[in-house]
Amino acid sequence: METVLREKDATDWVYRGEGAANLVLAYAGSSQAFIGKVMRIQKAPINGSQRARSPTAFSKYEYLLWGDIGNLVSSSDRDTAAQTFVQRVMSPLLGSKYVDAGKLILVSREFLELAEKNVSSQRPSWRVNAGKIDTQRAYVLILSDHSIFPHGALEGEPCISVEIKPKCGFLPFSRFITHANAVKRCMTRFRMHQALKLHQEEISEFSDYDPLDLFSGSKDRILKAIKDLFSTPQNNFRVFLNGSLIFGALGGSAESTDVIVGEAFEDALKSVILADDGLCTTSLLELVTETLYKSGVLDRLLEVQKLDSLDIEGAIHAYYDVISEPCVVCGQLNEDEELHRYASLHSLPLDQSLKIVKNFLIAATAKDCSLMISFRPREGEEWGSSNNTIRLESTGQFFDYKVYFIDLDLKPMKKMEEYYELDKKIVSLYRKIEKGKVGDISNAKFYESKVEK
């Protein structure tokens, strides 16, 4: 008989965190079927939660886009489609050993309504105002809790896990980037977006983190990236101890790490990292660096991100051809030179336009996903066999480790227009700042970033 979660089961699930599209709950009950599991529930926007839903998972143009993946386009709803997308598209690209597609479980509306009520007080207020659990969903996605090792929490084995949102790890090289937007070729999207977020008061301080360091392949630069993420975690760096958050923010953006936060974190690590006083944090950051360097997962991720070879400034033209509408972007161009630049895109056959849009959306998933890296200390100085094992040089400890990509969301095709508008907004503000036309961004870190590298 198929499992169905009902109202009485809602109290067993506790708030773990959330992103823009999904809310994550962790299991705290006693059922063997769910111990060591988390639940991802899709959210609905507050201002749009009552809209009529499409009876199918895809628009007619998305059927064209994903038509070569039979199980995906035959999905009866968006939940099934999202899981199939991870199984059939992202897992082969990123490596099946690093991807968990999860399992869909039926839920009652009463379960979802009570779950929403139970966690609302733990959610950041701005998240509450923006969206809530979509109570019209029939399914939720059950995944292994990758912040712990299987059965480890029950057996008293400590586990430390680090969640990183790497963001885009390369500078775009597309010839379709306009001359006015040439800054995109020398400044990362992450850093330019930081300026917009600071301008809009979504963050209070500019981050030191540069994705190019993380994806550089240099151990020294990877360590610099990890240290910078620790200094200004925002929503890009979190740490869990035995599945409980000990550093970073659950559903929002964490402030810069001050002395008090740093000391509390150092104390929390002492049960796992056997370093001298004051060196546990440094040792953990070195352990994360060594694992990323050794595992090669960042190389895999970067390869998928680079499926976006034309940038949104090129891909948006293919998008309008796919949906058989006049290109809004070309309609806004005044210079014949720029119109000529994009003519080659609009003369492509449909199958090539579909490939451009598909690759862009797959890359968008890879640019927005997270990495969960978990460590469990081993007893004795020996290499493991069943799990990957790594040695922390500074303490001489051996750790089993595992790495998983999470938040591999299927991006709706309609978001192409949003991506283009956001890109315009980000680059436009950055160009104004460079020219000194924006006076409300005075953070020194922002100006320092302009002269780095």
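Analyst: Start with helix 8, residues 219-231, in this predicted model. Helix 8 lies across strand 8, strand 9 and strand 10. Its direction runs at about 85° to strand 9. Helix 9, residues 259-269, packs on the sheet as well. Helix 9 touches strand 8, strand 9 and strand 10, and its direction makes about 130° with that of strand 10.

Strand 8 covers residues 160-164 and strand 9 covers residues 237-241. The two run antiparallel, joined by five bridges.

Which strands make up the whole sheet, and in what order? There are six, in the order 10-9-8-11-13-12. The sheet is open, and its pairing is antiparallel. Strand 10 (244-247) and strand 12 (388-392) are the edges, each pairing on one side only. From one strand to the next, the twist averages 30°.

In general, strands of a sheet pair through backbone hydrogen bonds, either parallel or antiparallel.

The largest nonpolar core holds 90 residues. Those touching the most other members are Trp66, Ile164, Leu214, Ile226, Phe237, Leu292 and Phe405. Helix 15 gives this core its largest share, eight residues. A second core is separate and has 19 residues, including Leu5, Leu25, Ala115 and Val119.

Beyond its neighbours within four places in sequence, Leu214 contacts Ile164, Pro166, Tyr209, Arg221, Ile222, Ala225, Ile226, Leu292 and Leu298.

Helix 10 spans residues 280-295. Just after helix 10 comes Gly296, with a positive phi of about 75°.

Helix 15, residues 350-368, passes the same kind of check. Its 19 residues should span 27 Å at 1.5 Å a residue, and its end C-alpha atoms are 27 Å apart. Helix 15 is mostly covered, with 14 of its 19 residues buried.

Then there is Asp311, in helix 12, residues 311-322. Is Asp311 buried or exposed? Its relative accessible area is 9%, so Asp311 counts as buried. Setting aside residues up to four places away in sequence, Asp311 touches Pro172, Ser174, Ile177, Lys184 and Phe360.

Last, the cysteines. How many disulfides are there? The count comes to zero. A disulfide here needs two cysteine sulfur atoms within 2.5 Å. The closest cysteine sulfur to that of Cys327 is in Cys330, at 3.7 Å, so the pair is too far for a bond. For Cys168, the closest cysteine sulfur is in Cys369, 11 Å away, again too far for a bond. Cys168 is buried, with a relative accessible area of 15%. Cys327 also counts as buried, at 15% relative accessibility.

How values were computed
Residues numbered from 1 in each chain as written. Predicted model: local features only at pLDDT ≥ 70, side-chain atom pairs only at ≥ 80, totals over all residues. Heavy atoms only, no water. Pairing = 2+ DSSP bridges. Helix = DSSP H or I, 4+ residues; strand = E, 2+ residues; numbered from the N terminus. Axes fitted to C-alpha atoms, helices over the stretch in contact; angles between N-to-C directions. Contact = heavy atoms within 4.5 Å. Expected span 1.5 Å × (residues − 1). Buried < 20%, exposed > 50% of the residue type's maximum accessible area, 1.4 Å probe, protein only. Core = buried A, V, L, I, M, F, W, Y, C linked by side-chain atoms within 4.5 Å.
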